[in-house]
Amino acid sequence: MSDCIFCMIAKGDIPSNTIYEDDNFRVILDNGPATKGHALVLPKEHYADLFDIPEDTLADAAKVAKKVAASMKDKLGCEGLNLVQNNGSVAGQTVMHFHLHIIPRYSDDNQKILWKPTQPSAEELVKIRDTILGE
Ligand code: AMP
Ligand code: ZN
């Protein structure tokens, strides 16, 4: 994808603050970070989203995230961490190249959890379960 900004960054065609790189991935600092150290795992191949990315590549992205998360705990001293991955604009995806957010969390980071819980009835939950199971 020649006009995809994350393709260009992942392949090194435009500069980024890279904190990890291997043959298939580059991990960069997000330039609009939620917290100190917020990073993005970018596959070097272009995949739009979770539906598009092959299973093996997704598994490898999770392995990369685990490595980087360990160094965030060690070097930045974060107390917790969110892994976030948005699919589709309705879910907040703004760059249509698969990426996994690694968001270190600190007790004083002034951020929130991502959703507010709702209170469906037991019947509604069963209905949703059956819909997903195709029953
Ligand atoms: P999403 O909303 O999941 O698509 O996330 C896109 C993320 O990419 C946002 O957190 C942006 O701050 C970040 N971002 C967009 N362009 C760049 C860039 N050129 N370098 C670093 N991060 C970027
Ligand atoms: Zn791309």
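Q: A polar contact is a pair of N or O atoms within 3.5 Å; within protein one must be able to donate a hydrogen and the other to accept it, and residues adjacent in sequence count only through side-chain atoms on both sides. How far is the backbone N or O atom of threonine 94 from an oxygen atom of ligand 1?
A: 2.6 Å. This is a predicted model, where local features need pLDDT of at least 70, side-chain atom pairs count only at pLDDT 80 or more, and totals for chains, interfaces and linings use all residues. Residues are numbered from 1 along each chain as written, chains are lettered from A and ligands numbered from 1 in written order, and side-chain values use heavy atoms, without hydrogens or water.

Q: What about glycine 92 and valine 95?
A: A backbone N or O atom of glycine 92 is 2.7 Å from an oxygen atom of ligand 1. For valine 95 the distance is 3.0 Å.

Q: How much of ligand 1 does the protein bury?
A: 79% of the 510 Å² that ligand 1 exposes when taken alone (Shrake-Rupley, 1.4 Å probe).

Q: Which residues come nearest to ligand 1?
A: Asp30, Gly92, Thr94, His99 and His101, out of 15 around ligand 1 (a heavy atom within 4 Å). The shell has six nonpolar, eight polar and one charged residues; Gly is classed as polar.

Q: Which pocket does ligand 1 take up?
A: The largest pocket. A pocket is an open set of points on a 1 Å grid over the protein atoms alone, with protein on both sides within 12 Å along at least five of seven lines; lining residues have an atom within 4 Å of a point. A molecule sits in one if more than half of its atoms lie within 2 Å of its grid points.

Q: What is its volume, and what is closest to the centre?
A: The largest pocket has about 290 Å³. Of its 17 lining residues, Phe6, Ile28, Asp30, Asn31 and Leu40 are closest to the centre.

Q: Which element gives the most to the lining of the largest pocket?
A: H1, with three residues.

Q: Switching over, what lines the second largest pocket?
A: Among others, Ala34, Asn82, Arg105 and Lys112. Strands S4 (80-84) and S5 (100-105) each give two or more residues to that lining.

Terms used: 1 Å grid on protein atoms, 1.4 Å probe; cavity = no way out; pocket = protein on both sides within 12 Å on 5 of 7 lines; lining within 4 Å. Points joined across faces, edges and corners; volume = space filled by probe spheres on them. Helix = DSSP H or I, 4+ residues; strand = E, 2+ residues; numbered from the N terminus.
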